[in-house]
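Me: I have a model open and would like to learn how to read a few of its local features. Could we go through them together?

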Amino acid sequence: MVQAHRIKALAIVGCTAVGKSDTAIKLAKRFDGEIIGADSMQIYRGFNIGTGKLSAAECDGVVHKMIDIADGDCDFSVGEYVKIAKKEIERTYSNGKLPIIVGGTGLYVYSLLSGCNFADAPKDDNIRRLLKLVAHFFGSKVLHVMLSGIDEQSAAKISCNDCKRVIRALEIFCLRGQTKTETVSRQETPYDDLTIVLTLPRDILYDRINKRVHRMFDDGLLQEVKSLLQYKNCTSMQALGYKQIAADIDALREQMEQITAQKTRNYAKRQMTYFNNMKLNKVFIDARDYGSIVAVVENFLEK
């Protein structure tokens with residue numbers, strides 16, 4: 001039985017453009033909640049259009065946290081996210097509000113709610129630089145092969161193209177002589193949590209993505225990227241749209257828009273795969289069925 005003192009925490013996740021923000025704002029207004037962001041790119045200041053940040057008017061009076069908390073040259077880790085997000089959840093709860101975790105970065109949500117502790121894993125900038133050089137000259141797949149030989153379990157969970165996480169896993173092994181799987185601990189969480197994964201039929205989702213990307217370019221995404229080129233080699237510039245534009249800043253808009261839309265659709269596939277495999281208390285609901293979403297939340301809060 002869930003103990004009475006545990007914090008009720010609701011998470012709204014799903015693929016990009018599925019409608020997470022609109023749904024979360026409606027739920028926050030209905031159930032007196034505040035939103036805790038779980039987007040690995042919305043944490044960066046100045047990266048607004050391409051990451052889909054809401055304007056003050058779009059927030060409609062609902063408090064949003066974990067947005068604009070880092071500069072573009074900051075190498076923000078999962079452990080740092082969990083540490084800060086926990087404090088925001090506790091603050092929200094202590095104020096009598098419902099914490100609603102919202103975003104498409106599944107690793108952030110899973111790490112926060114599952115009890116995985118990344119905070120104590122060691123770091124070393126020199127080792128990171130060396131591994132980045134290896135990736136630069138020989139490719140990220142070489143690093144992934146190295147990780148597979150050391151920590152097969154971690155390698156199976158990390159894409160060979162996710163150079164940042166591959167390097168992190170190798171860094172932990174270099175410093176501790178233990179794999180990431182062995183190092184990362186799991187602790188009991190203080191949350192009584194429910195994760196709602198919003199879904200849409202693929203054709204509808206892809207149409208939304210295409211329209212969203214087109215709107216971002218209309219809203220000035222190209223100009224925004226040009227203003228942020230000092231971060232070209234930083235993690236922040238790996239965000240969809242930013243990376244593609246920065247790689248060929250003089251390309252035609254039509255070409256950049258098509259590439260960005262394609263990359264975003266591919267990313268949506270990876271997101272859904274992650275959410276399908278994510279071991280949390282979760283339920284899948286069509287994003288258009290707001291009535292069912294409300295009913296599930298009401299049942300969760302009444303338990």
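**Reading the model, feature by feature**

Reply: Happy to, and keep in mind that this model is predicted. Let's begin with D60, which sits in the loop between α2 (56-59) and β3.

Me: Is D60 buried, exposed or partly exposed, and what is its relative accessible area?

Reply: D60 has a relative accessible area of 42%. Buried means under 20% and exposed over 50%, so D60 counts as partly exposed.

Me: Which residues does D60 touch, leaving out those up to four places away in sequence?

Reply: On that count, D60 touches I25 and K29.

Me: What are the relative accessible areas of M66 and D68?

Reply: M66 is at 3%, which means buried, whereas D68 is at 35%, which means partly exposed.

Me: Where does E88 belong, and which residues does E88 touch beyond four places in sequence?

Reply: E88 is in helix α3 (residues 78-94). Apart from residues up to four places away in sequence, E88 touches I36, K65 and M66. E88 is buried, at a relative accessible area of 17%. The E88 side chain also makes a polar contact with the side chain of R91, at 2.8 Å.

Me: Finally, how do I describe a pair of packed helices?

Reply: Two packed helices are described by the angle between their axes and the distance between the axes. Take helix α6 (residues 140-150) and helix α8 (residues 163-176): their axes come within 10 Å and cross at roughly 40°. The two helices are therefore oblique to each other, and α6 passes α8 in a left-handed crossing.

Me: Which residues make the contact between α6 and α8?

Reply: From α6, they are S140, L143, H144, M146, L147 and I150. From α8, they are C163, V166, I167, A169, L170 and F173. By class, this contact has 10 nonpolar and 2 polar residues, with no charged ones.

Methods: Residues numbered from 1 in each chain as written. Predicted model: local features only at pLDDT ≥ 70, side-chain atom pairs only at ≥ 80, totals over all residues. Heavy atoms only, no water. Axes fitted to C-alpha atoms, helices over the stretch in contact; angles between N-to-C directions. Helix = DSSP H or I, 4+ residues; strand = E, 2+ residues; numbered from the N terminus. Parallel < 35°, antiparallel > 145°, perpendicular 65-115°, else oblique. Left-handed = near helix turned anticlockwise from the far one by under 90°. Contact = heavy atoms within 4.5 Å. Nonpolar A, V, L, I, M, F, W, Y, C, P; charged D, E, K, R; others polar. Buried < 20%, exposed > 50% of the residue type's maximum accessible area, 1.4 Å probe, protein only. Polar contact = N/O pair within 3.5 Å; in protein donor to acceptor, adjacent residues only side chain to side chain.
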